[in-house]
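Keep the structure open as you read.

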Amino acid sequence: MDEFTLRGVSTWCIDVERQPHLGFHFPFKIVVPKKLNDCPELVYACNLPGDRSESCSSFDELVQYAKNDFGSIDPMLVHLCLENGYPMLVPAVPRFEDFRPNFLGRDCFHNDFRKAENSVFKDFLPLYENLADQHKAMMEYGIKCLKEKGIQVDDRVILCGYSEGSKFASHFALLHPEIIKAVIGGGTGGTISMPISNRDGHEFVYPTGIADVPNFDFVSFKNIAFFYYMGDADKSDSAIPNFEIYRYKNEDGEDCILRDECGNATPFIDENGVQRFLLDRDGNYTARFNLFSDQEVNAINKVLGTVTQDRFRKQEAIYGELGLNAIFKLYPGNHRTLFNNRTVLFEDVDRFIEGYVKRNLTEKLK
């Protein structure tokens, strides 16, 4: 193992190159704290490397950038690794224009990469085929590497991510629940995956549900412990329906666009607190972003609601109805400020891990 510094803290690091014969085409790092937990768990970082496709002259350079980009390692991952003493596997799966593999959306599910066919890196798209299976192979090999170093981790991992990372975690859980011990996801926007096929007359296809997921393993899924959290003022929404841009003048008379805390345009809210969205002649929404299809955006917003916190609570109810081991918690703050008061959040997660992950309890979470 080599020396490695994460957030100013000296750790060990295991560098693993791509191993196509073992099922994965991308490298990864395993960050190993020098002070390991007495019962270490392997944490799989659901990270989002930045898009550097315009500045990288080759795909190898793009991969190396992703391998060394730890900017998207969120505070929860840092806490679990550096403060709790858990090894952390960080995959290096690069993104580029019009392609977000770390979302693990329908394009990756169906190996349908047409949106990225104009990229200068289009010839490397076959490397992303069966990406969920590749992630599982990385997890399995990471566990093997740690055990060879004398670090006895469980054969199932903890998935952890924030924002898009939380969606990756919930999406992956539908496809390979057998290798997951727990999911810790923050900033969900009320768009996590649910193990349902239909609800209130709407079909939920992957990644929103399991209508088109073959041989879904509900028994393994039910063995996962989930901890989902978001800010009570969070407005970041990857499944927001289309809307007219709301323009106004600020106190200095400057023309402005109404935006959320992440800088994205956000819809006008009328005097009754209702967001104004655009509907077609049939009363349906269209997707604002391309992460979810129009069908998925309609299912999410019509069944769960258009306010992210309302969706979050309805998803909590659905997980409860299905008898799943899941905690859903709202904390003060928005998408950007949630970790400003992280002490209570971290304490809650630590109790969750100690009570329901390490002890592997099967009783319903309270």
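A search of the whole structure finds 0 disulfides, where a disulfide is a pair of cysteine sulfur atoms within 2.5 Å. Cys-13 is in none, and its nearest cysteine sulfur belongs to Cys-81, 10.0 Å away. Cys-13 counts as buried, at 3% relative accessibility. Buried here means under 20% relative accessible area, exposed means over 50%, and partly exposed lies in between, with a 1.4 Å probe and protein chains only. Cys-160 is in no disulfide either; the sulfur of Cys-46 is the nearest, at 7.1 Å. Cys-160 counts as buried, with 0% relative accessibility.

A word on the source. This is a predicted model, in which local features need pLDDT of at least 70 and side-chain atom pairs count only at pLDDT 80 or more, while totals for chains, interfaces and linings use all residues. Residues are numbered from 1 along each chain as its sequence is written, and side-chain values use heavy atoms, with hydrogens and water left out.

Next, the nonpolar interior. In soluble globular proteins, nonpolar side chains tend to be buried together. A nonpolar core is a set of buried Ala, Val, Leu, Ile, Met, Phe, Trp, Tyr and Cys residues joined through side-chain atoms within 4.5 Å. The largest such core holds 80 residues. Phe-59, Phe-96, Tyr-128, Leu-159, Phe-172, Phe-221 and Tyr-319 touch the most other members. Helix H4 (residues 131-148) gives the most to this core, with 8 residues. Helices (H or I, at least four residues) and strands (E, at least two) are DSSP runs, numbered from the N terminus. A second, separate core has 34 residues, including Cys-13, Val-31, Met-88 and Val-90.

What does Phe-96 contact beyond its neighbours within four places in sequence? Its partners are Asp-51, Ser-53, Phe-59, Leu-62, Ala-116, Ser-119, Phe-121, Leu-125 and Tyr-128. Contact means heavy atoms within 4.5 Å.

Now the open spaces. On a 1 Å grid over the protein atoms alone, a cavity is a set of points where a 1.4 Å probe fits but cannot get out; a pocket is an open set with protein on both sides within 12 Å along at least five of seven lines; lining residues have an atom within 4 Å of a point. Grid points are joined across faces, edges and corners, and a volume is the space filled by probe spheres set on the points.

Of its 32 lining residues, Leu-48, Arg-100, Ser-163, Glu-164 and His-335 are the closest to its centre. Helix H5 (residues 164-175) supplies the largest share of the lining, 3 residues. The lining divides into 12 nonpolar, 11 polar and 9 charged residues. In this count Ala, Val, Leu, Ile, Met, Phe, Trp, Tyr, Cys and Pro are nonpolar, Asp, Glu, Lys and Arg are charged, and the others, Gly among them, are polar.

Two of these central residues deserve a look. Glu-164 sits in helix H5. Its relative accessibility is 8%, so Glu-164 counts as buried. Setting aside neighbours within four places in sequence, Glu-164 is in contact with Leu-48, Arg-100, Asn-102, Phe-103 and Leu-291. Ser-163 lies in the loop between strand S6 (157-162) and H5. Ser-163 is not a glycine, yet its phi is positive, about 60 degrees.

The second largest pocket holds about 470 Å³. It has 21 lining residues, and the closest to its centre are Asp-107, Asp-112, Lys-115, Asn-290 and Leu-291.

Finally, some backbone details. Most residues other than glycine have a negative phi, and most peptide bonds are trans. Asn-111 has a positive phi, near 50 degrees. Asn-111 is found in the loop between helix H3 (106-109) and H4, and it is partly exposed at 28% relative accessible area. The peptide bond from Tyr-206 to Pro-207 is cis, with omega near 10 degrees. Pro-207 is in the loop between strand S9 (202-203) and helix H6 (218-222).
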